[in-house]
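Try each task before you read its solution.

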Amino acid sequence: MKNLRTYIALCALILFIFGIQAIALASVPLRVSIKFILDANGNRPVSGNLNTNAEVNAEVDSGNSILRTTYTEDQIQLIEFVDLSGVSQHFTANIYNDTQFNALRTAAENDPATYHWRTDSINIYINGGAGSARGSFPPGNQYILMNQWCGNTPSCILHEIGHNLNLMHTHEPCCTNQDECSDTITDNSGWTKDQVAQNNFGATYANLNASQKNQVDLVYNNVMSYHTDEPQLRLSTCQRGRVSTQNYTDRSWMLGRTPIHVNKFAPFCGILQNGSFSFPYCTLQSALNAGGLNNGVLVLEQGAYTMTQETINANVEIVTRSGASTVDRGVQLWILPVDLASSTNPAVAGAVKAAQDEDTAERTILREALTLAEKAAGPEEKSVIRAETEVRAGIHRANAIKMLHEAERYATGDEKLAVQLELAQRYRQAGNCVLAEKYYGLVATATDQSALREEALRRSKQCSAETNTSQ
Ligand SMILES: [Zn+2]
């Protein structure tokens, strides 16, 4: 037994040292189909910004570089180049002309074979028009028309896809927050950088402090701005949130893989979770336990995550979002029984089974609430659902604890320790540090495993600190 423990501790240490770094190249593929509309002679335009495959590829590469450096989970996946002949009536369709812009889309949807219109990707049509480029907002966000003279650099394609993903211009005059993002300051497409500084902070750019300069840069160098005298490389936190939200809505057709979001700091963490951007799993292990991983991408919001299983038996990738993330395999330092419902002591087995039934009932309530919350209109409605759910789920949570106390009465040896550790953890999760400390203390006193004793004492100390800082 001792040898086995030493072996486990050694393996654990090695795994800890070789913690897996989230792989930077994995991504959520955003499917894009490029169609060149040919003229009556079957030719592409001879001049322009986007009349060769190389020019398109360069814009896609730049766009992907921006998505990577802004820690967005997406990467543009170019699935094809198609030269479209026989539709030269659209060769000079201009994006500024609503009738021409809409006519191409309508024709394509009505005759998908001729126009190579796809329902499983964004359709980008490039023609010989003398305008710039225009994307379509959701719903109906499968369409972009690009003329040859789009000035957004280095990636007009990314700018247009931004519209498909529900991003507005930073200078949009439509709304209270202009672009509906409160983390981008007031912008006007005609302003210089100094004017953006002046109109927001009352001083020229050179006289701003570092934080103010950063806010000006975020707008002036934004992918969705019109300030083309500097490269447009940036996306705000709010903008990335809008992208991730739209991605999830359109995941069945727009994405090559399904994102499964994990965010340890999510506001609904541990209450409502289904892997969407709005309701992410709050631990990596809970995402793994939920299953349905095949052809998915685990999107880890910046932070350190742990998985307690050794391998993932599914076709799934891992990508980080908002900043770097790490994944460590869990460290097993002690041995305690887990399947107490199979205890040879019938009183223990019965009580544990009853606790499990209460846990299952709680999960059912949470699952149903999640379905309701997803359909909810706004944050207020979501808050009401959350509050009601907490009350109903709380009853089962409390019953489960009662049953665990029942199990504790009859259990002995390591089974008793396992129940007491579980009680300590449940009280800790509930923010009841007095009882958490009591049960961690009982475990620490009774166990002969030094790692378990140390960990129980450490968690006991952490409880108060955690309760003070958690949301
Ligand atoms: Zn635009």
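**Exercise 1.** Work out the strand order of the open sheet of 5 strands, and find which strands stand at the edges.

Solution. Keep in mind that this is a predicted model. Start with the order: reading across the open sheet gives β3-β2-β4-β6-β5, and the pairing is mixed. Next, look at the two ends: β3 (74-84) and β5 (133-135) each have a single partner strand, so one side of each has no neighbour in the sheet. Finally, follow the twist, which averages 20° from one strand to the next.

**Exercise 2.** Describe how β4 and β6 are joined, then place the helices that pack on the sheet.

Solution. First take the pair itself: β4 (residues 122-126) and β6 (residues 143-146) run parallel and are joined by 4 bridges. Within this region, N123 stands opposite Y143 of β6.

**Exercise 3.** Which residues of helix α7 are buried?

Solution. Go along α7 (residues 210-220) and you will find V216, L218, V219 and Y220 buried. Then ask what covers them: α6 (193-201) is included in that cover.

**Exercise 4.** Locate the domains and examine where domain 1 meets domain 2.

Solution. The domain assignment gives domain 1 (28-240), domain 2 (257-329) and domain 3 (340-469). The C-alpha centres of domains 1 and 2 are 30 Å apart. Their contact takes 4 residues from domain 1 and 9 residues from domain 2. On the domain 1 side, the residues divide into 3 nonpolar, no polar and 1 charged.

Methods:
Residues are numbered from 1 along each chain as its sequence is written. This is a predicted model: local features need pLDDT of at least 70, side-chain atom pairs count only at pLDDT 80 or more; totals for chains, interfaces and linings use all residues. Domain bounds come from an automatic or database domain assignment. Two residues are in contact if their C-beta atoms, placed from the backbone, lie within 7 Å. Ala, Val, Leu, Ile, Met, Phe, Trp, Tyr, Cys and Pro count as nonpolar, Asp, Glu, Lys and Arg as charged, and the others, Gly among them, as polar. A residue is buried if 20 or more other C-beta atoms lie within 10 Å of its own, exposed if 12 or fewer, and partly exposed in between; C-beta atoms are placed from the backbone. Two strands pair if DSSP finds at least two bridges between them. Axes are lines fitted to C-alpha atoms, for helices over the stretch in contact, and angles run from 0 to 180 degrees between N-to-C directions.
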